[in-house]
Amino acid sequence: MKFILSLAFSLSLFLFCNPIKAQTIIHHSTEIEQNNSGKSFYIHHVQKGETLYAIAKAYEVAVDSIVKYNPGVNIKIEIGQRIRIPKNRTKVKVLVEKKPVAPEGFIYYQVKKGETLYRIMLNHQIKLDELKKYNENLSTNIRPGQWILIPTQEKRIADKAAARYDSVVFYTLKRRDNFYRLQKKFKVNQQQLEQLNPGLKTTGLQKGLKIIVPFIRRDISVPAYHPIALDTVVASDFEVMTEETKSINCHRIKFNRQVYKIGFMVPLFSNLEPEIRVESDYLIHDIDSYKSFRFIEFVEGAKLALDSLAKLGFKAEVYIWDTQASRAKVDSICKLPEFKNLDLLIGPFYSKNTAIVRKAADENNINLVDLFSKTYILADTLCQNFIVKSSEQTAYNALAKYIADSIPNYNISILHQGNDDELKRLAELKSALYNPQLGIDTNRIKVYTYQQKGLDKIIKSLDAQGENIIFNLVDNEARVANFIRQMNILKKDNAIMIMALDKYWSRYKTLELGYLNNLNYTFATDYFIDDYDTTAVTHFNEEFYQQYHRMPNKLAYLAYDISWYFGNALYYYGSNFATCLPAMKLKTLHSPIMMKRQRQGVYRNIKTNVIQYDNYHKLRKE
């Protein structure tokens with residue numbers, strides 16, 4: 001696995017070094033020069049505290065390689081010394097298939113990096129059924145370098161013209177043939193003959209040339225001439241194509257040797273490095289007080305996932321860019337040559353930078369994984385956008401499904417205050433509960449506004465014989481705290497289960513844990529780590545601790561899952577993996593992932609966790 005670090009700290013800090021030893025940070029130089037033989041070198045200027053071993057590790061070269069071009073550095077290096085570091089960027093040899101010879105009336109088109117079948121259809125104005133007719137086993141899982149046989153427009157027009165006649169035959173032109181003689185003989189005019197034989201427009205009638213003519217029986221009249229226009233392919237036609245491609249199997253690539261380029265945009269805040277570099281260990285603060293180190297664990301988690309993929313045979317060239325949470329920095333990264341050749345980009349972390357990255361990804365046809373963006377993509381895009389954060393509708397769908405599958409004899413009450421945001425959530429919740437596929441008895445659903453009268457009505461409606469499920473949509477901490485206190489009192493005589501979205505209630509600091517436990521508080525959330533999972537989670541924790549000598553944080557789990565999921569997608573289905581994602585069933589650490597197409601070029605995760613308090617433990621219920 002090849003990691004390349006750009007614009008920020010050295011790779012050794014991210015992936016190997018304990019952050020307590022902040023003095024060993026080494027800047028990766030961008031200064032490059034060539035010797036007389038054309039070999040390229042990074043020019044590194046030694047800083048205080050740097051060792052030859054640490055420099056070699058930062059540049060991912062052997063110590064001997066540095067000594068070879070800098071005699072004496074193995075004995076002593078000095079501050080400010082200029083060291084040449086050989087630029088070890090092994091170029092990947094891409095096996096290009098030899099161009100096959102196309103039959104007359106066809107061309108062979110070679111798939112470029114990042115191209116989708118949809119883009120080829122759009123550019124060549126040809127629909128899927130025609131491509132499949134000439135390309136056996138064609139699937140949406142096309143790969144760079146693949147040859148696709150495409151009929152020319154003239155060939156397609158000729159085929160449509162021939163279909164108008166009872167049958168067609170070949171005729172060899174004679175010396176005295178002209179369009180008038182041919183019309184008398186075959187009852188077709190010049191325009192009709194040129195439809196059947198597009199080459200006649202340029203070559204004219206030549207002795208010995210074979211042309212197609214209609215075979216007309218005497219009792220059959222000749223169809224009149226009508227111009228033939230080919231169907232156009234527009235962006236909206238992709239909706240039809242996706243329905244057709246459901247029958248196309250996504251076959252896994254066997255022994256995939258392609259080297260994929262993966263970029264990470266992470267706010268590592270290398271500009272704050274002076275705050276980290278200290279002269280005395282006594283001045284080092286707790287790790288959580290350094291903004292940079294929160295995001296370093298994201299890089300570390302991603303590396304563990306990519307290392308695991310490498311053991312399967314996955315090959316990747318990885319770029320890690322420090323955005324510093326700056327729009328200007330993000331814009332400069334998007335202009336780099338390495339960025340433009342990416343197969344997959346993960347990031348950025350801050351929504352304010354998302355629009356810049358989306359535009360650049362679309363221009364360069366890069367698969368973009370959006371981690372935290374709260375902005376929605378309203379228009380179709382040619383690149384593929386994968387939004388990891390699930391919607392509120394997904395959360396309510398999960399809770400409704402849990403009720404339908406697991407809770408018998410229920411009554412459902414919904415409480416809200418009537419403001420615009422809560423009414424929007426009410427509509428989404430009702431959409432989930434009223435889904436006919438779930439079979440929830442909608443006669444047992446009641447909606448109340450938050451007033452004491454509303455609470456009184458809920459209290460009076462409680463059923464001592466069944467489960468009383470109460471959705472609280474109120475976004476007010478004081479009112480929510482009062483609500484769960486009152487429900488806790490009533491719990492003694494009734495079975496009550498409270499449901500909500502954790503994205504709101506997790507912000508509240510005054511909610512009594514004992515009340516939530518008593519009320520079997522059940523919520524939907526994207527992020528949950530099951531500490532009782534002795535397989536995946538325990539294994540990851542042990543591996544992370546062994547590598548980095550501390551337990552992982554939330555970002556480390558997230559990074560592992562995202563890198564593992566999309567790394568598998570690249571390895572098994574290639575760069576155009578989007579339509580094959582439904583075939584992927586992978587176990588993840590923090591939340592299940594299932595990408596569903598929202599519109600052209602936009603996919604969103606439709607899976608989340610349903611969590612319930614049980615004996616003061618949070619347990620995953622779905």
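A residue is called buried here when its relative accessible area is under 20%. The structure under discussion is a predicted model.

**Overall composition**

The protein chain holds 622 residues, of which 49% are buried. Its secondary structure comprises 23 helices and 22 strands. The accessible surface amounts to about 31,600 Å², and carbon and sulfur atoms account for 51% of that area. Counting contacts between residues at least 6 apart in sequence, 71% join residues at least 24 apart.

**Aromatic pairs and charges over rings**

A pair of aromatic rings is described by the distance of the centres and the angle of the planes. Across the whole structure, a search finds 27 aromatic pairs. One of them, formed by Tyr171 and Phe186, is edge-to-face. Tyr171 belongs to strand β7 (residues 168-172) and Phe186 to helix α7 (residues 179-186), so this pair ties together parts that are 15 residues apart in sequence. Both Tyr171 and Phe186 are buried.

Phe540 and Tyr557 form a further pair, which is tilted because its planes stand at 45 degrees. Here the link runs between two helices: Phe540 lies in helix α22 (residues 536-548) and Tyr557 in helix α23 (residues 554-573), 17 residues apart. Phe540 is buried, as is Tyr557. These two rings also take part in one aromatic cluster, together with Phe544, Tyr548, Tyr560 and Trp564. The geometry of the two pairs is given below.

| Pair | Centre to centre | Angle between planes | Class |
|---|---|---|---|
| Tyr171 and Phe186 | 5.2 Å | 70 degrees | edge-to-face |
| Phe540 and Tyr557 | 5.3 Å | 45 degrees | tilted |

Charged side chains also lie over aromatic faces. Arg425 is placed over the face of Tyr504, at 4.2 Å from the ring centre. Lys554 lies over the face of Tyr527, with a distance of 4.8 Å from the ring centre.

Strands of a sheet pair through backbone hydrogen bonds, either parallel or antiparallel. In this model, three strands make an open sheet in the order β2-β3-β4, and their pairing is antiparallel. Strands β2 (32-34) and β4 (82-86) are the edge strands, each pairing on one side only. From one strand to the next, the twist averages 40 degrees. Between β2 and strand β3 (residues 40-45) there are three bridges, and these two strands run antiparallel. Within this part of the sheet, Ile32 stands opposite Tyr42 in β3.

**Helix α4**

Helix α4 spans residues 117-124, and its buried residues are Leu117, Tyr118, Arg119, Ile120 and Met121. Gln125 follows α4 and has a positive phi, near 50 degrees.

Strand β16 (residues 467-472) contains Ile469. Since buried means under 20% relative accessible area, the value of 0% places Ile469 among the buried residues. Leaving aside residues up to four places away in sequence, Ile469 touches Ile403, Ile407, Tyr410, Asn411, Ile412, Ser413, Met497 and Met499.

Key. Residues are numbered from 1 along each chain as its sequence is written. This is a predicted model: local features need pLDDT of at least 70, side-chain atom pairs count only at pLDDT 80 or more; totals for chains, interfaces and linings use all residues. Side-chain values use heavy atoms; hydrogens and water are left out. Helices (H or I, at least four residues) and strands (E, at least two) are DSSP runs, numbered from the N terminus. Buried means under 20% relative accessible area, exposed over 50%, partly exposed in between (1.4 Å probe, protein chains only). Contact means heavy atoms within 4.5 Å. Accessible areas come from the Shrake-Rupley method with a 1.4 Å probe; for residues, only the protein chains shown count as cover. Rings of Phe, Tyr and Trp (its six-membered ring) pair if their centres lie within 6.5 Å; planes under 30 degrees apart count as stacked, over 60 as edge-to-face and the rest as tilted. A charge sits over a ring if NZ of Lys or CZ of Arg is within 6 Å of the ring centre and within 35 degrees of the ring normal. Two strands pair if DSSP finds at least two bridges between them. Axes are lines fitted to C-alpha atoms, for helices over the stretch in contact, and angles run from 0 to 180 degrees between N-to-C directions.
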